[in-house]
Amino acid sequence: MNAAHPPRHIPPSGPGLPAGPAYPATPAPQGPAPGILGNRGLRLLALLIDVVLAVVVLALVTTGVGLVVTLGGSRDNSPFYLSFLVVLALLFLYSPLLTARCGGTLGKLLCGLSVVRLADGSPLSYGTALGRHLAHLGMWLVPVLSLLDPLACCWDRTLRQCLHDKVVGSLVIRRSMRPAPAPAPAPVTRPAGS
């Protein structure tokens, strides 16, 4: 069915007549479409994956260093500095570097999420990703904020931003849009009597 476009009203122009469209412009959409935003449950799952991964890495390194010191008979504590270096690497490299280079941490990538700039949807720079991560860690040091920060995406209805996202102007979106399933073909029926 061909739908004819309604005739477009062109306002008259001339001296003494106001210039501009006859109808008000449609308002700009506020934020991205809801299907593009990251799922709240997947965001919390990604955070849980990242925390578990960090704890496992630290436990393995600390256990390995402890075994080397104990079995090696070392009298100084210098091998324990390796644990400190791993903590620094996790703080300044894991989340910021992966977010800047790949769009998210391993937890976010496994959950199909990506972190982008709110302004234009481009990837975050390392500095912005580091600021986002440090804001997240800073909020974890404050008892009430440590709970409110990751849960803020649950009541932010427009952009689903956590508090650390609001600090740096970032947004968590789905990495790939899954195509909608194809509708089932309509059954072919034969008219009665044929």
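Two residues count as being in contact when heavy atoms of theirs lie within 4.5 Å. With that in mind, welcome to this predicted model.

Let us start with Leu98. This residue sits in helix α2, which covers residues 81–102. Not counting residues up to four places away in sequence, Leu98 touches Leu93, Gly103, Gly104, Thr105 and Leu106. Leu98 and Ala129 are 31 residues apart along the chain, and their C-alpha atoms are 8.8 Å apart in space.

The largest nonpolar core has eight residues: Ala46, Ala100, Cys111, Leu113, Val115, Leu124, Ala129 and Val172. Another core lies apart from it, with five residues that include Leu37, Leu159, Leu171 and Ile173. In soluble globular proteins, nonpolar side chains tend to be buried together.

Ala100 belongs to the largest core. Leaving aside residues up to four places away in sequence, Ala100 touches Leu124, Ser125, Tyr126 and Ala129.

| Residue | Relative accessibility | Class |
|---|---|---|
| Leu98 | 22% | partly exposed |
| Cys102 | 37% | partly exposed |
| Cys111 | 9% | buried |

Cys111 counts as buried because its 9% relative accessibility is under the 20% cut-off. Leu98, at 22%, falls between 20% and 50%, so Leu98 is partly exposed.

Terms used
Residues numbered from 1 in each chain as written. Predicted model: local features only at pLDDT ≥ 70, side-chain atom pairs only at ≥ 80, totals over all residues. Heavy atoms only, no water. Core = buried A, V, L, I, M, F, W, Y, C linked by side-chain atoms within 4.5 Å. Buried < 20%, exposed > 50% of the residue type's maximum accessible area, 1.4 Å probe, protein only. Helix = DSSP H or I, 4+ residues; strand = E, 2+ residues; numbered from the N terminus.
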